[in-house]
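Subject: Structure handover, with notes

Hi there,

Here is the structure I promised to pass on to you. Please open it alongside these notes, which go through what turned up.

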Amino acid sequence: MARGTVRSRDGALLAYEEAGSGFPLLLVHGFPLNRRMWAKQLSLLGRGRRVIAVDLRGHGESSVPPGVSPPSFSMELFARDLADLMDFLGLDGIDLCGLSMGGYVAMAFLRSYPERVRSLILASTRATADPPEGVEARRAVAERVMAEGMEGLAREMTPRLLGPEAPREVAELVEEMIRGTRREVAAADSLAMAARPDSRELLARAGVPILVIHGAEDALVPVEQARAMAENIPGSLFRVIPGAGHLPPLEAPEAWAEAVGAFLSGLG
């Protein structure tokens, strides 16, 4: 595997790693995690294609621009960072996979750079904007982590992210990633998600192959919502990973990689 960093156009440092060769698959992590959630997928999917995992700005080994405090994010800003990474790597097009918040970033990327997306994989995410009560809940999370830090959120959020069959080491990794995220980054994430637009019409007219993949035991985004999202996208594929919660690439890595690999193999 190779690792590297690139500067975004406004000076943020973006860290990434990659494995394999061929047409690139770009993996975008969820909230409030980092690219470590994709480690097994780099190994599994990297056997047959080029796979790239990135830390969104402020997460993992990536930074925000110097002197920017507190940070302010948007899904469109994250999408622009992905475009900067692609430019650095010399990539004209990608298969793009986003999980949870990463799915929101993937939709923003499709909205801004449709010509650069060969296919889209939407994992554990939703196309609708937050209702008013959801917006308030995200604002409350931002206020809480700024006041209390990440420890309480890590303890409470980890079991909600995982299905009942998740291995203990997976739970430990998830909790470690959440605790390691700076409070101001998590707050900026939460406010950015609250402000995201509805993407149902965008997906309905996307005109690219789309896979919607979801854990059967997802407690944050019920599988019925994912099914409805897929039904609203003409020609999309829908796959459910049995026993998995919100993070099936970590909880059931082989099953998830098999489903994603089969989808990508069908693209030619």
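Which residues lie nearest the centre of the largest pocket, and how many residues line that pocket? Its lining is made up of 21 residues, and R138, V141, M157, R160 and L220 are the ones nearest the centre. The elements that each give two or more residues to this lining are α4 (132-148), α5 (151-161) and α7 (183-194).

Before going further, a word on conventions: this is a predicted model, in which local features need pLDDT of at least 70 and side-chain atom pairs count only at pLDDT 80 or more, while totals for chains, interfaces and linings use all residues. Numbering starts from 1 along each chain as its sequence is written, and side-chain values use heavy atoms, with hydrogens and water left out.

**Pockets and the cavity**

Rolling a probe the size of a water molecule over the atoms shows where empty space is left. Here the search ran on a 1 Å grid over the protein atoms alone: a cavity is a set of points where a 1.4 Å probe fits but cannot get out, a pocket is an open set with protein on both sides within 12 Å along at least five of seven lines, and lining residues have an atom within 4 Å of a point. Points are joined across faces, edges and corners, and a volume is the space filled by probe spheres set on them. Helices (H or I, at least four residues) and strands (E, at least two) are DSSP runs, numbered from the N terminus.

The largest pocket has a volume of about 520 Å³. Its lining divides into eleven nonpolar, four polar and six charged residues, where Ala, Val, Leu, Ile, Met, Phe, Trp, Tyr, Cys and Pro count as nonpolar, Asp, Glu, Lys and Arg as charged, and the others, Gly among them, as polar.

The second largest pocket comes to about 160 Å³. R126, A127, T128, R200, Q225, A226, A228, M229 and N232 line it, and helix α9 (residues 223-231) contributes the most, with four residues. By class, that lining has four nonpolar, three polar and two charged residues.

There is one cavity of 30 Å³ or more, and the largest cavity holds about 50 Å³ of space. Its lining consists of M75, Y104, M107, A108, R111, R126, A127, R196, P197 and S199, with α3 giving the most, four residues. Six of the lining residues are nonpolar, one is polar and three are charged.

Strands count as paired if DSSP finds at least two bridges between them. β1 (residues 2-7) pairs with β2 in the antiparallel sense over six bridges, and V6 has L14 in β2 as its bridge partner. The two strands form a hairpin with five residues between them, and G11 in the turn has a positive phi of about 100°. β2 also pairs with β4 (residues 50-54), again antiparallel, over four bridges; Y16 stands opposite V54 there.

**Some individual residues**

H29 lies in the loop between β3 (24-28) and α1 (39-45) and counts as buried, at 0% relative accessibility. Its side chain reaches the backbone oxygen of L33 at 3.4 Å. Leaving aside neighbours within four places in sequence, the contacts of H29 (heavy atoms within 4.5 Å) include W38, V54, D55 and M101.

G103, in helix α3 (residues 101-112), is likewise buried at 0% relative accessibility.

S236 is in the loop between α9 and β8 (237-241). At 17% relative accessibility it counts as buried, and its side chain reaches the backbone oxygen of I233 at 3.1 Å.

Finally, the buried residues of α5 are G152, L153, A154, M157, T158 and L161, and what covers them includes α4, α6 (168-180) and α10 (248-251).

Happy browsing!

Notes. Buried < 20%, exposed > 50% of the residue type's maximum accessible area, 1.4 Å probe, protein only. Polar contact = N/O pair within 3.5 Å; in protein donor to acceptor, adjacent residues only side chain to side chain.
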